[in-house]
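We will go stop by stop.

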Amino acid sequence: MDELIVTVGITGSRITRSQTPAIPITPEEIARSGIEAWRAGASVLHVHVRDPRTELGTQDVELFREVVDRLRAETDAVLCLTTSGIPGRSFSTEERLAPLALRPDMASFDAGSINTPAGVFLNEPDFLEALADEARRQGVKLELECFEPGMVATCLRYLEDGVLDRPPHFQFVLGTAFGMPADVKSLLHLSEMLPADASWSAIGIGRTQLPMATLAILMGGHARVGLEDNIYYRRGELATGNAQLVERVVRLAGELGRPIASSADARRLLSLS
Ligand code: ZN
């Protein structure tokens, strides 16, 4: 099997200090947490930024710039910037695409719409096609986030039509409130839909983070962990930070005989230049 790419979702857009003191909010905190996770073995850093006044996600490009500059100065990690805004809230296409101007290695592409407790996470065809265009123009590889099989089918169609570039990298997001369950059947079904040149990674939300990461290690996929998706280390015990969650998956992979990808390995595996 290929080396395991560990991605860390550093902060996401919604978890606040009242839920866990470990959640990074300011650009400096987000960068520091990303650097710690990279040192622990994460080769891909998935970045959101927060408005320090509200603690919630924002697409403010200057905040992204500050985080990206700090991460580039101290790591060789693959940087994947979000285009999601806050799922369930309204952001314009321009706001959502703004971070691509920083020409990160990767950006997220949520391949369809889905209900969330806060409303619809809206990703209309016009938005997806504008994102695909802008990513190609800026030389940014898209991480194809799929919450259910229809989103995989959407990506396959866009790949066939040349809207998306090859080889594709999929990120399965399982165990969300109103999405596909995080279980073996889901992961098998989604991974078996993919073309031969695709790579994939799995996210399990909340308590499903650890089992989904373990399954991905065993199945030859890649794994995302981090506070964006799960704030607990185990039942009733908050994680101390992103590095702690990364360290555990690195240990597990070691026990299961799966080497960990360096940032250079991740670039090769993801066909990044
Ligand atoms: Zn995200």
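Select arginine 103 to begin. It lies in the loop that links helix H3 (93-97) to strand S6 (106-110). This is a predicted model, so treat each stop accordingly. Check the backbone here: arginine 103 is not a glycine, yet its phi is positive, about 50 degrees. Most residues other than glycine have a negative phi, and most peptide bonds are trans.

Next, go to serine 271. Look in the segment that follows helix H9 (263-269). Serine 271 also has a positive phi, near 55 degrees, and is a residue other than glycine. Its relative accessible area is 46%, so serine 271 counts as partly exposed.

Now select arginine 166 and proline 167. The peptide bond joining arginine 166 to proline 167 is cis, with omega near -5 degrees. Proline 167 sits in the loop between helix H5 (149-160) and strand S10 (169-174).

Move on to the surface and colour by charge. Which residues gather in a patch of negative charge? Select Glu124, Asp126, Glu129 and Asp133. Aspartate 133 belongs to helix H4 (residues 125-138). Aspartate 133 counts as exposed because its relative accessibility is 52%, and the cut-off is over 50%.

Finally, zoom out to the whole chain. Count nine helices and 14 strands. Along the principal axes, the C-alpha atoms fill a box of roughly 45 × 45 × 35 Å. Colour by accessibility to end the tour: 56% of the 273 residues count as buried.

Terms used:
Residues are numbered from 1 along each chain as its sequence is written. This is a predicted model: local features need pLDDT of at least 70, side-chain atom pairs count only at pLDDT 80 or more; totals for chains, interfaces and linings use all residues. Side-chain values use heavy atoms; hydrogens and water are left out. Patches are made of residues with over 30% relative accessible area and no salt bridge: like charges are joined within 9 Å, nonpolar side chains (Val, Leu, Ile, Met, Phe, Trp, Tyr) within 5 Å. Accessible areas come from the Shrake-Rupley method with a 1.4 Å probe; for residues, only the protein chains shown count as cover. A salt bridge is a side-chain nitrogen of Lys or Arg within 4 Å of a carboxyl oxygen of Asp or Glu. Lys and Arg count as positive and Asp and Glu as negative; His and the chain ends are not counted. The place of a charge is taken as NZ of Lys, CZ of Arg, CG of Asp or CD of Glu. Helices (H or I, at least four residues) and strands (E, at least two) are DSSP runs, numbered from the N terminus. Buried means under 20% relative accessible area, exposed over 50%, partly exposed in between (1.4 Å probe, protein chains only).
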